[in-house]
Amino acid sequence: MSRFRNLVRFLALATVWGSAFVAISAGLDHFPPVLFAAFRYDIAGVLMLAYAAVAVDDWRPRGRSEWSLVAVGAVLLIAAYHAFLFVGQQHTTAAAAAIVVSLSPVLTTGFARLLVPSDALSPVGVGGLLVGLLGVAVVARPDPANLLSVDAVATGLVFCAAAAFGLGSVLTRRIDASLPIETMEAWSMLGGAVLMHGVSLALGEPLEPSTWTRPEALGALGYLSLVASALGFLLYFDLLERLGAVEINMVSYVAPIVAAVVGWLYLGEVVDATTAAGFGFIAVGFVLVKRRALREEFGHALDPGRSSSE
């Protein structure tokens, strides 16, 4: 029964986060991209901070290490990731963006090995990283005669988003701070939102409030803030504790399927065979990079009585 509940929650999280890419595409018709991302985390950050104040004792950071953790989260996990994603997704489909973002767990492992030279990737792991990058190239389909085409640049920006998230994930783990994850996420969301407002102003994004109040605009913003961010992260925290980091990473490979189906139903977006093949390369890359952790995790799941010494 417990594993069934975990499966239901896992699928719910994949559905919420996969459909979020479609909500981004829908909202970009009404909001400038960086400002849209900032609005999302204005709302989500306040909600998450309210939850942290009730759910944990340490609802605000204290000391240099805890504020450093929040700063990395704000700059890389929230601001850089979402600014690159929202700008890039103006010229990609929801499914293609979700597929490129699914490279994040592979890039996280690559950054971890790069920052800890004594823990280098094995030849198979290096091969997995290269296969994952090949998958991104397949999705982007760069034209050698025009490497700066709109589609290629857009995919490159989404890749930068995945890289920012991967690097941020590694750096936050390396900071010695005992801040609860709910508190870290809440303050990172608020800090990231402030940074994105600054970037939006610097880019001169247009301010047209009349377009923000249209039902589809409010629906997209509300879905991203309340469902994908607030509810999504609560599901994530719960599953992270129950399943661990390896299994929760698998959400990244179910979400693109959801994004493809919802994008087709709601926006009429079609995933072609080349994009699907790129997703296959990225998934294979993940398996190669994480093969030992997957073997151990799912080996224990299939044989719970096996001792740790085996």
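## Ground rules

Because the model is predicted, local features need pLDDT of at least 70 and side-chain atom pairs count only at pLDDT 80 or more, while totals for chains, interfaces and linings use all residues. Residues are numbered from 1 along each chain as its sequence is written, and side-chain values use heavy atoms, with hydrogens and water left out.

## Overall fold

Let's start with the architecture: the protein has 14 helices and zero strands. Both kinds of element are DSSP runs numbered from the N terminus (helices are H or I, at least four residues; strands are E, at least two).

Of the 310 residues, 47% count as buried; here buried means under 20% relative accessible area, exposed over 50% and partly exposed in between, with a 1.4 Å probe and protein chains only. Among contacts (heavy atoms within 4.5 Å) with a separation of 6 or more, 89% join residues 24 or more positions apart. The accessible surface comes to about 14,700 Å², and 66% of this belongs to carbon and sulfur atoms; the areas come from the Shrake-Rupley method with a 1.4 Å probe, and for residues only the protein chains shown count as cover.

## Inside the protein

A nonpolar core is a set of buried Ala, Val, Leu, Ile, Met, Phe, Trp, Tyr and Cys residues joined through side-chain atoms within 4.5 Å. The largest one holds 60 residues, and those with the most contacts inside it include Phe21, Leu85 and Met196. Helix H2 (residues 33-55) gives the most to this core, with ten residues. Apart from it lies another core of eight residues, among them Leu13 and Leu239.

Beyond residues up to four places away in sequence, Leu85 touches Phe21, Ile24, Ala97, Val101, Val158 and Ala161. Ser188, in helix H8 (residues 181-203), is buried at a relative accessible area of 1%. Its contacts, leaving aside neighbours within four places, are Leu69, Val70, Gly73, Ala74 and Ile78.

## Salt bridges

A salt bridge needs a side-chain nitrogen of Lys or Arg within 4 Å of a carboxyl oxygen of Asp or Glu, and the count comes to two. In one, the closest N and O atoms of Arg9 and Asp238 are 3.1 Å apart. Arg9 lies in helix H1 (residues 2-27) and Asp238 in helix H10 (residues 215-243), so the pair ties together parts 229 residues apart in sequence.

Asp58 and Arg62 form a salt bridge at 3.8 Å, N to O. Asp58 is partly exposed at 35%, and Arg62 is partly exposed at 43% relative accessibility.
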